[in-house]
Amino acid sequence: MTSELDIFVGNTTLIDEDVYRLWLDGYSVNDAVALRVRSGILEQTGATTGVLQSDTMDHYRTFHMLERLLHAPPKLLHQLIFQIPPSRQALLIERYYTFDEAFVREVLGKKLSKGTKKDLDDISTKTGITLKSCRRQFDNFKRVFKVVEEMRGSLVDNIQQHFLLSDRLARDYAAIVFFANNRFETGKKKLQYLSFGDFAFCAELMIQNWTLGAVGEAPTDPDSQVDDMDVDLDKEFLQDLKELKVLVADKDLLDLHKSLVCTALRGKLGVFSEMETNFKNLSRGLVNVAAKLTHNKDVRDLFVDLVEKFVEPCRSDHWPLSDVRLFLSQYSASVHSLDGFRHQALWDRYMGTLRGCLLRLYHD
């Protein structure tokens, strides 16, 4: 009697997502094995601890070999050593570059240098994220920054092209690069209530409206060093913002602006009397923030100033978010009715972004 035996031989690299997550989280092989045992995998598979140890070590070896390719994701797509389906390649890349909210909040806006890297021990202790994972995330931020910081064109597109990230993750990295380049302060105590998502939302608005790339102002000189169109704020725009000072320096304009806003909002705001009383202080705060953005330190302190000059005063008077939205909309629009004001386009470019940021920063 003869027996037939079908044999299939393949060389597809097997990726266990759970083990990959443990490796990314910075666990040692022994710690990863212990966590897998705790998950009940031995009972589910009937394997022994020794087999589980070997399996985990095998996966870790594979991940270590893949890591150099993950540093330049297009190389992973074009290499022939590891036979990995495209969907699996995308998963490996996306998860390798995914970061922890708690970690990014600690480094957002800081220089991506050796000095900051020395703080990773403290960040690891504070956040509970393993030091190895902190290093991976920091090195990812630094790697992306170095590749795209001086590229022309869309920051998000450049990140997607060179790192093959999803649209959402590429936008998050664009925010990280933008904040690192402009060194925005995010660590002050009064800013701790804000999430990375809040800052990323504001970064996207500023990239779209306040950078050279926002208005397509490519340098006419072919030897110009202004390559990072989406990374640097438009310095000419920031200089021009000083022209807005007339809105609070000219008493007649300030009084007329207040009158227009109060007339439009009477009976519509629950905090009308508070708004009417504080209008001039709020307006001075918003306009003075604009006028100071010619100095690097004031650019860095943008979010501190917005919270101090607008968010905190409104919060102390218990403005609901709906009233903040109504006020900012009318405050911005009423300027178009000021006959003596000649900088409408500049105002719109400034307040269009600032209004969106303030609404995101305001947690009533």
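## Two buried phenylalanines

F184 is buried, with a relative accessible area of 1%. In this predicted model, the ring centre of F184 lies 4.9 Å from that of F179, and the two planes meet at 55 degrees, so the pair is classed as tilted. F179 is likewise buried, at a relative accessible area of 0%.

F179 also pairs with F199: their ring centres are 5.7 Å apart and their planes stand at 70 degrees, which makes this pair edge-to-face because the angle is over 60 degrees. F179 belongs to helix α12 (residues 167-182) and F199 to helix α13 (residues 196-209), so the pair ties together parts that are 20 residues apart in sequence. Both F179 and F199 are buried.

## Other aromatic residues

The structure holds 27 aromatic pairs in total. One aromatic cluster includes Y20, W23, Y96 and F141. R136 lies over the face of Y96, 5.7 Å from the ring centre, while R349 lies over the face of F237 at 4.1 Å from the ring centre.

R21 is part of helix α1 (residues 17-24) and is partly exposed, with a relative accessible area of 41%. Its C-alpha atom is separated by 8.0 Å from that of R95, a residue 74 places away along the chain.

S133 is found in helix α10 (residues 131-148). With a relative accessibility of 1%, S133 counts as buried, because the limit for that class is under 20%. Beyond its neighbours within four places in sequence, S133 is in contact with L24, D25, G26 and D100.

## Confidence in the model

The chain has a mean pLDDT of 92, and 93% of its residues reach 70 or more. Over residues 217-225, however, the pLDDT is below 50. Where pLDDT is low, predicted coordinates should not be read in detail.

Terms used:
Residues numbered from 1 in each chain as written. Predicted model: local features only at pLDDT ≥ 70, side-chain atom pairs only at ≥ 80, totals over all residues. Heavy atoms only, no water. Helix = DSSP H or I, 4+ residues; strand = E, 2+ residues; numbered from the N terminus. Buried < 20%, exposed > 50% of the residue type's maximum accessible area, 1.4 Å probe, protein only. pLDDT = per-residue confidence, 0-100. Contact = heavy atoms within 4.5 Å. Phe/Tyr/Trp six-rings, centres within 6.5 Å; stacked < 30°, edge-to-face > 60°. Lys NZ or Arg CZ within 6 Å of the ring centre and 35° of its normal.
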